[in-house]
Amino acid sequence: SGNVGIGTTDPDTYRLRVNGGTSNVPVLVESTDNKVYIGFKDSDTTTAPLIGGDDEDLIFNTNDTLALTIDTSQDATFTGAGTFEGILKVSYLNPVFDLQQSGATKFRIELDGGNDTYMTSYGTGNKIFLRTDNITALTLDGSQDATFAENIYLADSKSIYIGTGDDLRLVHTSDTSYITNQYGNLEIIQNTDDGDIIFKND
């Protein structure tokens, strides 16, 4: 009925205090079953949360259901959703963050070990939708085509370059607009039957 000390003569206020001395594993919990758990219970607990082992994996159970598995490759698998109130950090030489559905990777964010970041969509369609206020603003498809739902705005003196070698440049300064062609012919084509080409000023 009193406090118990193992490896110590002074359990202090602890019901069980274990001092392993120089041993880094002072307690080993074993079971003849294929899993082993340690449970936690307070005065309000209905179903005790458990921390345990399954083969060489570390497992966490809540409400008698598997919540988290950390395997021997140090990969963590959450059964439910993960909520992080702080910063989620992935520290690794080439970190990869996968979003999976039914075990298949659908979207990946990865760093190449340098300063480059890659975002990749997998599966049928291979489209990436960027949304604001639950409305699609930009669609990137598997053919590397980009579709903007609304306008594209550039600040003064910022250019749009077209062509592998920046062959065509469109730019507006604070008071003047320029169309500059650096290579080949500059053609303006009107394919509409009986359509006109109209130039206007002021």
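Which strand supplies the largest share of the lining of the largest pocket? The legends below open with that pocket.

The views show a predicted model, in which local features need pLDDT of at least 70, side-chain atom pairs count only at pLDDT 80 or more, and totals for chains, interfaces and linings use all residues. Residues are numbered from 1 along each chain as its sequence is written, and side-chain values use heavy atoms, with hydrogens and water left out.

**View A. The largest pocket and its lining.** The largest pocket has a volume of about 860 Å³. Among its 15 lining residues, Ala 76, Thr 77, Val 96, Phe 97 and Asp 98 are the closest to the centre. A pocket is an open set of points on a 1 Å grid over the protein atoms alone, where a 1.4 Å probe fits, with protein on both sides within 12 Å along at least five of seven lines; lining residues have an atom within 4 Å of a point. The volume is the space filled by probe spheres set on the points, which are joined across faces, edges and corners. Strands S7 (76-78) and S8 (96-101) each supply at least two lining residues, and S8 gives the largest share, with five. Strands are DSSP runs (E, at least two residues), numbered from the N terminus. The lining comprises ten nonpolar, three polar and two charged residues. In this classification Ala, Val, Leu, Ile, Met, Phe, Trp, Tyr, Cys and Pro are nonpolar, Asp, Glu, Lys and Arg are charged, and the others, Gly among them, are polar.

View B. Thr 105 belongs to strand S9 (residues 104-111). Leaving aside neighbours within four places in sequence, Thr 105 is in contact (heavy atoms within 4.5 Å) with Asp 98, Leu 99, Gln 100 and Tyr 122.

**View C. The second largest pocket and Gly 53.** The second largest pocket has a volume of about 150 Å³. Its lining includes Asn 34, Lys 35, Val 36 and Gly 53. Strand S4 gives the most to this lining, with three residues. By class, the lining has two nonpolar, four polar and six charged residues. Gly 53 is found in S4 and is buried, with a relative accessible area of 17%; buried means under 20%, exposed over 50% and partly exposed in between (1.4 Å probe, protein chains only). Beyond its neighbours within four places in sequence, Gly 53 is in contact with Asn 34, Lys 35, Val 36 and Ile 59.

**View D. The aromatic pair.** The count comes to one aromatic pair. The ring centres of Phe 78 and Phe 84 lie 6.5 Å apart with the planes at 85°, so the pair is edge-to-face. Rings of Phe, Tyr and Trp (its six-membered ring) pair if their centres lie within 6.5 Å; planes under 30 degrees apart count as stacked, over 60 as edge-to-face and the rest as tilted. Phe 78 is partly exposed at 46% relative accessibility, and Phe 84 is partly exposed at 47%.

Key:
Helix = DSSP H or I, 4+ residues; strand = E, 2+ residues; numbered from the N terminus.
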